[in-house]
Amino acid sequence: MVRHQPLQYYEPQLCLSCLTGIYGCRWKRYQRSHDDTTPWERLWFLLLTFTFGLTLIWLYFWWEAHNDYDEFNWYLYNRMGYWSDWSVPILMTTAAAFTYIAGLLVLALCHIAVGQQMNLHWLHKVSSGLLKSAL
């Protein structure tokens, strides 16, 4: 009689799959790594932290500048020739960018806490770089 070895059992680890999938698009078990994070990825983490700080300052500025919205709109009216309330779209775009960067930073900190290798997806790298350059 032939004896077969039992199949290896893996715990599902759904939370870890979602964490690595959203942050770095590594949805499969074999794509995850407990190796040390590369210096390049550490640099991206610092850039992400710096972008978070800039968006926080920018959001605070636009949140507190509500008394100057009218002057800002008048300035744009004199330059463009038509009236439009630009303060609300700028505030909403800034809040969306802040939420996106804050979510990425929370995911990165969770990667550090769990001990997973940080590997930021290229799309997140491009978007955080664009946000940093826009501010």
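Which residues form a nonpolar patch on the surface? They are Trp122, Leu123, Val126 and Leu130, with about 440 Å² of accessible area together.

## What we're looking at

This is a predicted model, so local features need pLDDT of at least 70 and side-chain atom pairs count only at pLDDT 80 or more, while totals for chains, interfaces and linings use all residues. Residues are numbered from 1 along each chain as its sequence is written, and side-chain values use heavy atoms, with hydrogens and water left out.

The protein has 5 helices and 0 strands, running α-α-α-α-α from the N terminus. Helices here are DSSP runs (H or I, at least four residues) and strands are too (E, at least two), numbered from the N terminus. Of the 135 residues, 31% count as buried; buried means under 20% relative accessible area, exposed over 50%, and partly exposed in between (1.4 Å probe, protein chains only).

The protein exposes about 9800 Å², and carbon and sulfur atoms supply 66% of it. Areas come from the Shrake-Rupley method with a 1.4 Å probe; for residues, only the protein chains shown count as cover. As for contacts (heavy atoms within 4.5 Å), take those between residues at least 6 apart in sequence: 69% join residues at least 24 apart.

## The annotated stretches

UniProt, in an unreviewed entry, puts "transmembrane region" at residues 43–63 and 86–114. Its positions are given in the numbering used here, feature names are shortened, and annotations may be inferred rather than shown by experiment.

In the model, residues 43–63 are 100% helix and 0% strand, with the end C-alpha atoms 30 Å apart. Residues 86–114 come out at 97% helix and 0% strand, and there the end C-alpha atoms sit 42 Å apart.

Helix 1 covers residues 14–24, and its buried residues include Leu16, Leu19 and Tyr23, along with Gly21 and Gly24. Helix 4 (87–114) and helix 5 (122–134) are among what covers them.

Leu107 touches Leu19, Ile22 and Tyr23, not counting residues up to four places away in sequence.

Glu41 and Lys125 make it, at 3.0 Å, N to O.

Glu41 counts as buried because its relative accessibility is 6%. Besides Lys125, Glu41 touches Met118, Asn119 and Leu120, leaving aside residues up to four places away in sequence.

## Back to the patch

Patches are made of residues with over 30% relative accessible area and no salt bridge: like charges are joined within 9 Å, nonpolar side chains (Val, Leu, Ile, Met, Phe, Trp, Tyr) within 5 Å. Trp122, one of the patch residues, is in helix 5. Trp122 counts as exposed because its relative accessible area is 57%.

Note on methods:
Salt bridge = Lys/Arg side-chain N within 4 Å of Asp/Glu carboxyl O.
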